[in-house]
Amino acid sequence: MSGAGTAGAGALLGWSSQLLFPLTIMVLLLCMDGTAASYFNGDQSGAIHTMESSGIYMALHCLIFGGTNTLVAWLGCRRIRQPLGGLFRTTDFSGWKAFQYICIGFALQQLSVVLYAVTRLLHLELPEASFDYFQSTQSMLLALLYTCVLAPVTEELLFRGFLMKSLSAVSVRFGIVTSALLFGLMHGNFQQFILGFVMGLFLGKIVARHNSLLPSILVHMAVNTNSMMLSLLQEKLPEKVANVGILPFGMAVLAFSIMGVLFWLLYERRQPLPYPTQKQATRSRTAMFSPVLVLAVVVLAGFMVFLAVRGANG
């Protein structure tokens, strides 16, 4: 199987957790005298309420999604003969560069918010990301652990580790762009697709530059932590207190974002994505239509549309 085909198969295997998770929840609901409908209809009584308030729901989320990402990344790296340890051997990386990259990550996060706001101005009713993780203290702590630590590590292993390395056999540019597209689609909603794709391009670029996942993991952690802290302030504090607390937090993020724009203009703008050779460009056009890769993109995009339609009808 070609590099593009291998990556497409890996993306489909990674996406399988989107099916495994609700199936696991439904089995547990049946064991607890619940119903499958209570999961899909968002019923907050009975078994589904017990699962969320006890943290079982979020614990399964951590186990299934984090475990699937890690397993697929490990199997994929074995397939392409890429030692996992080799993904962390960083070259030419420092604390100053980490600070620059995190600031740029915040700037790209704000850019995705602006792009999403434009879609709302155009009256495009698109589903929003859900951060309703705070049903209990246990659930909240597990959500913080997964979103701020486990997800950045396991998702980078899968997308910038196995998938980008596999796709880069075609060309580095093809690997960065295609893995970013798959990363965005994997999130399953339009708001996070925008952020995932834009951020994926930048993360792929710095991984290729330093030949390591460490820079992308640090940026991924910072961006996810920013989202979770904002959500936590909004959900757990009274409205008047939250508004006061969010202001200094938002101003700090805005300051870092402005620095990120400056760092981009001063440094990153001068270092575009690697240009492919003529031979690599020809390979890219062929790999773009790899049946397995096309299938992966169609399935992921179709699933996102399905969730959008279900949300609009709900």
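Biologist: In what order do the elements of the protein chain run from the N terminus on?

Modeller: This is a predicted model, in which local features need pLDDT of at least 70 and side-chain atom pairs count only at pLDDT 80 or more, while totals for chains, interfaces and linings use all residues. Residues are numbered from 1 along each chain as its sequence is written, and side-chain values rest on heavy atoms, with hydrogens and water left out. Helices (DSSP runs of H or I with at least four residues) and strands (DSSP runs of E with at least two) are numbered from the N terminus, and the protein chain has 13 helices and zero strands. Read from the N terminus on, the order of the elements is therefore α-α-α-α-α-α-α-α-α-α-α-α-α.

Biologist: What percentage of the 314 residues of the protein chain count as buried?

Modeller: A residue is called buried when its relative accessible area is under 20%, exposed when it is over 50%, and partly exposed in between, using a 1.4 Å probe and the protein chains only. Among the 314 residues of the protein chain, the share that counts as buried is 44%.

Biologist: Which helix gives the most to the nonpolar patch?

Modeller: Such a patch is made of residues with over 30% relative accessible area and no salt bridge, where nonpolar side chains (Val, Leu, Ile, Met, Phe, Trp, Tyr) are joined within 5 Å and like charges within 9 Å; accessible areas come from the Shrake-Rupley method with a 1.4 Å probe, and for residues only the protein chains shown count as cover. Here the patch covers about 1100 Å², and its members include Trp96, Leu247, Met251, Trp264 and Tyr267. Trp96 is found in helix α6 (residues 95–121) and is partly exposed, with a relative accessible area of 48%. Nine residues of the patch come from the helix that gives the most, which spans residues 239–266 and is α11.

Biologist: Which helix supplies the largest share of the lining of the second largest pocket?

Modeller: On a 1 Å grid over the protein atoms alone, a pocket is an open set of points with protein on both sides within 12 Å along at least five of seven lines, unlike a cavity, where a 1.4 Å probe fits but cannot get out; lining residues have an atom within 4 Å of a point. Grid points are joined across faces, edges and corners, and the volume is the space filled by probe spheres set on the points, which for the second largest pocket comes to about 170 Å³. The lining consists of Phe174, Val177, Thr178, Leu181, Met288, Leu293, Val294 and Val297, and at least two of its residues come from each of α8 (172–186) and α13 (291–313). With four residues, the largest share belongs to α8.

Biologist: How many charged residues does the lining of the second largest pocket have?

Modeller: Ala, Val, Leu, Ile, Met, Phe, Trp, Tyr, Cys and Pro count as nonpolar, Asp, Glu, Lys and Arg as charged, and the others, Gly among them, as polar. By this division the lining has seven nonpolar residues and one polar residue, while the number of charged residues is given as no residues, that is, none.

Biologist: With which residue does Arg160 form a salt bridge?

Modeller: A salt bridge is a side-chain nitrogen of Lys or Arg within 4 Å of a carboxyl oxygen of Asp or Glu, and the structure holds four of them. In the one formed by Arg160, the closest N and O atoms are 2.7 Å apart. The two partners are both buried, and they are separated by about one helical turn because they stand four residues apart in helix α7 (residues 137–167). The partner of Arg160 is Glu156.

Biologist: Which residues do salt bridges that share partners join into one network?

Modeller: Lys205 and Glu268 meet in a salt bridge at 3.1 Å, N to O, a pair that links helix α9 (residues 190–210) to the loop between α11 and α12 (278–287) across 63 residues. Glu268 also meets Arg209 at 2.8 Å, N to O, and because Arg209 lies in helix α9, this pair ties together parts that are 59 residues apart in sequence. Lys205 is buried at 9% relative accessibility and Glu268 at 3%, whereas Arg209 is partly exposed at 25%. The network is made of Lys205, Arg209 and Glu268.

Biologist: How far apart in space are Trp15 and Ala296, C-alpha to C-alpha?

Modeller: Trp15 is found in helix α1 (residues 3–15) and is buried, with a relative accessible area of 13%. Along the sequence, Trp15 and Ala296 are 281 residues apart, yet in space their C-alpha atoms are separated by 8.9 Å.
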